[in-house]
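Colleague: I am new to this structure and would like to learn how to read its features one at a time. Could you take me through it slowly?

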Amino acid sequence: MKAFIISKYKTPLQPAELAEPAVGDHDLLVRVEAAGLNQLDEKIRLGAFRQILPYDLPLIPGHDVAGTVLQTGTKVRRFKPGDEIFARPGKERIGTFAERIAVAESDVALKPASISMAEAGFLPLVALTAWQALVERGKVQPGQKVLIHAGAGGVGSIAVQLAKYLGASVAATASAANAEFVRGLGADVVIDYRNEDFEEILSGYDLVLDSLGGRNLEKSLRVLKPGGTAIGIAGPPDPDFARELGLNPVLRLAIGVLSRSIRRQARRLGVRYEFLFMHASGSQLGRIARLVDDGVLRPVVGRVSPFAQTPDALKALGSGGLRGKAVVINPPGGVDRVKAAGRQQLGEQP
């Protein structure tokens, strides 16, 4: 099958012909019809996470998939060939920049019926990040105040909609050009980050979702009310994250040092800082799919490129200025769809 791989950090993705994925008893073999492009993929390509995510090279990157089930493992019960699905594969099994991928059944949900494959390919990583920040970690309740940074971006655009659905009063940062767009997603207050200082305008917030880190994260702590929480998805990682990954004591210590300053600042202010590295969850994606089909959440696909242009499309993320996020698509041919029908037994060839 065709795929794009990282053969050496800090070099462009390279095309490759690879063996078909191995399909385990609990796996689905999926034809990749759309794959979202995330900053995480670009950071992995640049080697930014190689100490804490020690992938072996060559590596197929890619964290989002929407496509059609071609084959199921012998113990799969909830899906069948021909099903249209979407997923964020587990961190040990990424690789959606390929024609096919094997994904654990537990990481998969049926695609929302009301949207296209490209829109479904947008969703998994960013929607799970928003869900886990606001619902799983933040436990946002009606009447609370939530600040979402980068409200026009991939995570931000979903998080604004989800926070509003949960009954929160929502503030978001965005450029002036995107202000009306973000208000249309549900933000009650939009701060022009180029010309306004959110720290001077906002106060008493229950939760901040920060996707920028650095100085922006430090300022975010100061708009929280006592007991409030800042959840960072850009870092720095904290000791809880190191424990979740099962890192060795030396790396745990190093990660603790990276976040020590921000955790100290949070304690002095009587607030909390948590780092979030989202995890795969088919059950959460199922709940997200229902919200999409109910009209609560809508994906914002800013750019669609053909699969063959994946390396250039990923590199273009660095230029910014994109609403939502970019997606690459590999529309299915008629032969693939016909062959998918009825193929359920492990061992049949796609």
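**Reading strands, helices and a loop**

Modeller: Bear in mind that this is a predicted model.

Colleague: Which way does strand 3 run against strand 6, and how many bridges join them?

Modeller: Strand 3, residues 27–36, runs antiparallel to strand 6 and is joined to it by 5 bridges. As one place to look, Val 30 stands opposite Ile 101 of strand 6.

Colleague: In what order do the strands of the open sheet come, and how do they pair?

Modeller: The open sheet has 6 strands in the order 10-9-8-11-12-13, and the pairing is parallel. Its edges are strand 10 (189–192) and strand 13, each of which pairs on one side only. On average, and with direction ignored, neighbouring strands of this sheet are turned by 15° against each other. Within the sheet, strand 8 (residues 145–148) pairs with strand 11 in the parallel sense over 3 bridges, and Val 146 has Leu 207 of strand 11 as its bridge partner.

Colleague: Which strands does helix 2 lie across?

Modeller: Helix 2 lies across strand 8, strand 11, strand 12 and strand 13, and runs at about 155° to strand 11.

Colleague: How should I read the packing of one helix against another?

Modeller: Two packed helices are described by the angle between their axes and by the distance between those axes. For helix 2 (residues 117–137) and helix 3 (residues 154–165), the axes come within 8 Å and cross at roughly 50°, which makes helix 2 oblique to helix 3. The crossing in which helix 2 passes helix 3 is right-handed. Among the residues that make the contact are Phe 122, Val 126 and Trp 131 of helix 2, together with Val 155, Ile 158 and Leu 162 of helix 3. Sorted by class, the contact of helix 2 with helix 3 has 13 nonpolar, 3 polar and no charged residues.

Colleague: At what angle do helix 6 and helix 8 pack, and how far apart are their axes?

Modeller: Helix 6 and helix 8 pack at about 15°, with their axes 10 Å apart, which makes helix 6 roughly parallel to helix 8. Here too the crossing is right-handed. Leu 217, Glu 218 and Leu 221 of helix 6 meet Ile 262, Gln 265, Ala 266 and Leu 269 of helix 8, and the residues of this contact divide into 5 nonpolar, 1 polar and 1 charged.

Colleague: Which residues of helix 6 are buried, and what covers them?

Modeller: In helix 6 (residues 214–221), the buried residues are Asn 216, Leu 217, Lys 219, Ser 220 and Leu 221. Their cover includes helix 5 (198–201), strand 11 (205–210), strand 12 (224–232), helix 8 (249–269) and strand 13 (272–275).

Colleague: Is Gly 186 buried or exposed?

Modeller: Gly 186 lies in the loop between helix 4 (179–185) and strand 10, and it is buried, with a relative accessible area of 15%. Leaving aside residues up to four places away in sequence, Gly 186 touches Val 160, Lys 164 and Val 170.

How values were computed
Residues are numbered from 1 along each chain as its sequence is written. This is a predicted model: local features need pLDDT of at least 70, side-chain atom pairs count only at pLDDT 80 or more; totals for chains, interfaces and linings use all residues. Side-chain values use heavy atoms; hydrogens and water are left out. Two strands pair if DSSP finds at least two bridges between them. Helices (H or I, at least four residues) and strands (E, at least two) are DSSP runs, numbered from the N terminus. Buried means under 20% relative accessible area, exposed over 50%, partly exposed in between (1.4 Å probe, protein chains only). Contact means heavy atoms within 4.5 Å. Axes are lines fitted to C-alpha atoms, for helices over the stretch in contact, and angles run from 0 to 180 degrees between N-to-C directions. Angles under 35 degrees count as roughly parallel, over 145 as roughly antiparallel, 65 to 115 as roughly perpendicular and the rest as oblique. A crossing is left-handed if the near helix is turned anticlockwise from the far one by less than a right angle, and right-handed if clockwise. Ala, Val, Leu, Ile, Met, Phe, Trp, Tyr, Cys and Pro count as nonpolar, Asp, Glu, Lys and Arg as charged, and the others, Gly among them, as polar.
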